[in-house]
Each structure stands twice: as C-alpha cells, then as structure tokens.
Amino acid sequence: MTGRQWRGRHRAALVFSCVAGAAVVMLAATAMPTGAALSPGSDSGVGILAASAGCGKNPTLNNGTHTIQSNGTQRSFILRLPSGYDRNRPYRLIFGFHWLGGNANNVASGDYYGLGALSGNSAIFVAPEGLNNGWANSGGADVTFTDNMISTITNDLCVDTAQLFSLGFSYGGGMSYALACARANVFRAVAIYSGGVISGCSGGTQRIAYLQAHGLSDNVLGISGARSMRDRFVANNGCTAASPPEPAQGSGRHTSYAYSGCASGYPVVWYAFDGGHTPTPQDAGSGTFWLPGETWRFFAQFSSDPTPPTSTTMSPPPVTTSPPGGSGACSATYAVTGQWNGGFQAEVRVTAGTAAIRGWTVTWTYANGQRVSQAWNATVTTSGSTVTARGVDYNSALNAGASATFGFIGSWNGSNPVPATTCAAT
C-alpha cells in the first residue's frame with residue numbers, strides 16, 4: 001500500500017483531536033480485568049517504586065515542545081506535566097503515538113487519547129513526533145528515539161521507572177506494538193488501537209501487560225492481523241489460548257475478553273467492536289467513547305507506591321472485617337497502597353465466605369472528608385461521606401474462598417485514616 005493510500009484512509013482519523021476531549025465526560029463502564037501490580041522484569045506480583053534520577057531536581061523540562069538529537073537527527077516531542085508537578089513524587093510516564101498523517105499536536109490537543117483528564121494528575125504525558133508523520137522505525141530508529149526520550153525525561157523529571165506505558169492508534173498502535181516486542185523490560189503495559197505490525201517487531205518473546213482493540217470491518221488494517229498480534233502476547237504471557245467471542249456484524253456493540261491463566265501481573269485484554277478504522281469506537285445509541293476509560297483502568301491497575309522518597313508518610317495498616325458465618329458471606333479488606341500530598345491510592349480485596357456468592361457490595365464511611373475521584377474494577381458511588389462499591393459483571397460472582405480486588409484514587413486533607421468496611425453478599 002502506498003503512503004498516499006495510507007494518508008487518504010487515515011484522513012478521517014484526524015477528527016480524533018476534536019472529539020477525544022469529549023470522551024473524558026462520556027465514558028461507558030465496561031469490563032476490565034484485575035491484575036497484580038508488578039515492576040517490569042519481575043514475577044513477584046509486587047509493585048516496586050523505582051524513582052528516576054530526576055527526582056528531587058529542579059526541572060528544566062516544562063510543558064510544550066522539546067527537541068533532542070537521536071541517531072544524528074533532530075527529533076521532537078510534546079510534554080505535559082501534571083498540574084502542581086511535585087519534584088519529589090515519582091509519576092507514571094505515558095507515551096501517546098500518533099497515526100499516519102497525524103502529528104504530536106493532534107495527540108496532545110486530543111488529551112492524549114482522552115487519558116489526560118482521567119489520570120488525576122498522576123502521570124506525565126509525552127506525544128512524540130514521527131518522521132514523515134509516521135513510524136516506519138527503519139533500523140529501529142524510532143525505538144532508539146523512544147529510548148532517548150525516556151533518558152532525557154527521567155534524568156530531568158521525577159518518574160516511576162516501573163510505570164512506563166505506551167498507546168497509539170493505527171501507525172501509533174504499530175509503534176506501541178514494536179515497543180511491546182523490543183522494550184518489554186522497559187514498558188509496564190501497552191494499549192494498541194486498530195494497529196498492525198507496521199513498525200516491526202524486534203524480539204517479541206518477553207511478557208508485557210497487553211490491551212488491544214480492533215474493529216470488525218477495519219478496511220485499513222484487517223482484524224485477522226490484529227488477532228495474530230494479540231496471540232503472540234497471549235503465548236508470551238502464559239495465558240490460556242482462546243478464540244474470544246466478538247460482536248455480530250451490524251450489532252453496533254463491542255465485546256471485551258480478559259484471558260485466563262496469564263502470569264501474575266501480565267494480563268491480556270482483547271476488545272472487538274462493530275466498526276471500522278477508528279480510535280473512538282462507540283456502541284450504537286450510547287453516544288459515549290468507551291475506550292479511553294478502559295485503557296486508563298488497565299494502566300492504573302499497575303501501581304507502585306507513589307509516596308515521595310523524602311516523605312515520612314506511612315501507609316496505615318489494612319482493616320479487615322470478619323466474615324459472618326454461614327452461606328453467602330463476604331469480607332472486605334481496605335488498604336492504602338500509596339499516599340502523597342493531597343492524594344492517595346487504595347485497594348479493596350473482597351473475599352467470599354464458606355459458600356459461593358452471586359454478587360457483593362462493600363461500604364465504608366470516611367471520617368475526615370476524603371473523596372474518591374476515580375475507580376476501577378467496581379462501580380463506586382458516594383453519598384455524603386459514605387462510599388458504596390459494587391462488583392461489575394466479571395468479578396461479582398465468587399466461589400467459596402475466592403477473592404476479587406478493586407482500586408481507586410482519592411483526595412484527602414489533614415489525615416487519611418483507614419475506614420472500617422462492611423461487605424454484603426447476594
């Protein structure tokens with residue numbers, strides 16, 4: 001296929017920068033698997049905070065466009081720092097790669113595929129500029145460019161180097177796939193929207209947490225190729241091979257499938273939707289863009305302790321409620337997994353009692369005005385100081401003694417004691 005044909009077919013994708021901002025306020029809640037926090041290259045299932053050399057420094061990098069030399073060529077990227085950037089707090093680092101014919105500004109003005117506002121000021125975002133508006137990655141040049149950006153940013157800014165992520169649409173998805181193949185020991189997870197093996201795959205034998213979404217009627221990069229890309233990491237991650245159900249043509253719906261049996265901390269999730277080559281799929285009649293929310297929940301499940309290295313703040317011990325006796329019981333354990341000035345991240349583990357349960361509801365009441373700002377793996381509502389979390393379709397039913405976890409990010413002011421929880425089963 002010629003470059004001109006590619007550009008013609010991708011021209012419609014340029015509207016993404018106009019509509020991605022709307023995705024922030026129009027997210028559908030669909031299925032998302034759980035996964036253990038893990039640092040790259042580890043099989044322990046435990047998140048390890050890895051503060052970069054830039055932590056504690058007065059930064060020279062700021063919001064806007066920056067240029068560096070890579071392989072003797074001047075390359076550029078757009079950087080967005082969190083509001084109120086704290087030089088002592090290690091942040092996630094998220095790369096958003098543009099499509100063919102697009103550019104870094106399209107990604108930045110599109111709120112980094114809709115993830116910017118969802119991040120809760122927990123991430124530094126990067127929009128790299130491709131050569132000739134694409135990611136040919138000739139001789140690995142774009143992988144090297146990514147290495148150079150990482151080195152530049154982590155030496156100047158405070159980054160949790162165990163929390164690097166990449167996503168992109170079309171050619172940008174292909175570039176994210178190339179990084180999954182070549183830099184699985186650097187990136188924690190990737191998300192690939194309507195991508196193909198068009199930036200190469202050097203290596204491609206290591207584990208990495210992997211999300212992929214593709215349209216049934218994509219006439220630019222067919223879905224059969226996307227399934228093959230997915231299956232490589234199903235095998236790499238030790239998941240149980242499967243042919244996930246996909247929506248019917250004309251249904252206007254999407255399906256999600258979380259593979260079972262994957263190595264701890266290395267989930268693979270596949271989304272198929274009834275649509276074409278687009279980064280903003282919607283279900284018929286919904287008016288919502290569901291993919292940004294799913295991607296953010298996938299990335300956010302991998303959490304290191306974000307407490308600044310110089311802070312003496314300690315996470316309080318978990319509080320567990322004892323399960324009542326008899327059938328249909330459950331217990332819930334609330335633990336603060338990270339805390340920083342004005343914010344915190346927490347996880348709740350729900351465990352069934354002596355009999356299987358069909359559903360669960362966990363409630364707790366905050367004493368000091370804490371607020372939940374975003375959550376994953378549960379439907380969370382707040383009434384005054386009382387928070388209620390209910391299981392979603394993929395983790396509501398639990399066998400006897402089985403557990404499910406959900407997490408959230410919140411705010412606090414003054415103190416952040418762990419609340420007592422109650423768990424009701426159905």
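C181 and C201 are joined in a disulfide, with their sulfur atoms 2.0 Å apart. The model is predicted. The link of C181 and C201 is left-handed, with -90° about the S-S bond. This pair ties together distant parts of the chain, 20 residues apart. C181 sits in helix α6 (residues 171–182). C201 lies in the loop between β6 (189–193) and β7 (209–215).

Is each cysteine of this pair buried or partly exposed? C181 has a relative accessible area of 3%, so it is buried, as the cut-off is under 20%. C201 comes to 24%, so it counts as partly exposed.

## The pair C55 and C158

C55 and C158 also form a disulfide. Their sulfur atoms are 2.0 Å apart. The link of C55 and C158 is right-handed, with 90° about the S-S bond. Here, too, distant parts of the chain are linked, 103 residues apart. C55 is in the loop between α2 (16–23) and β1 (64–70). C158 is in the loop between α5 (141–154) and β5 (159–169).

C55 has a relative accessible area of 18%, which falls under 20%, so C55 is buried. C158 is at 0% relative accessibility, so C158 counts as buried as well.

## The pair C330 and C423

C330 and C423 form another disulfide, with a sulfur distance of 2.0 Å. The link is left-handed, with -110° about the S-S bond. It connects distant parts of the chain, 93 residues apart. C330 belongs to strand β11 (residues 330–340), and C423 belongs to strand β18 (residues 421–425). Both C330 and C423 are buried.

## The disulfide pattern

What kind of link is this? A disulfide is a covalent bond between the sulfur atoms of two cysteines.

How many disulfides does the count give? The count comes to 4 disulfides. Number the bonded cysteines along the chain, and the disulfides follow the pattern 1-2, 3-4, 5-6, 7-8.

Now to a histidine. H277 is placed in the loop between β9 (268–273) and α8 (291–300). H277 has a relative accessible area of 16%, so it is buried by the cut-off of under 20%.

Which side chains does the side chain of H277 contact? One is the side chain of S170, in a polar contact of 2.8 Å. Another is the side chain of D218, in a polar contact of 2.6 Å.

Technical notes: Residues numbered from 1 in each chain as written. Predicted model: local features only at pLDDT ≥ 70, side-chain atom pairs only at ≥ 80, totals over all residues. Heavy atoms only, no water. Helix = DSSP H or I, 4+ residues; strand = E, 2+ residues; numbered from the N terminus. Buried < 20%, exposed > 50% of the residue type's maximum accessible area, 1.4 Å probe, protein only. Polar contact = N/O pair within 3.5 Å; in protein donor to acceptor, adjacent residues only side chain to side chain. Disulfide = S-S within 2.5 Å.
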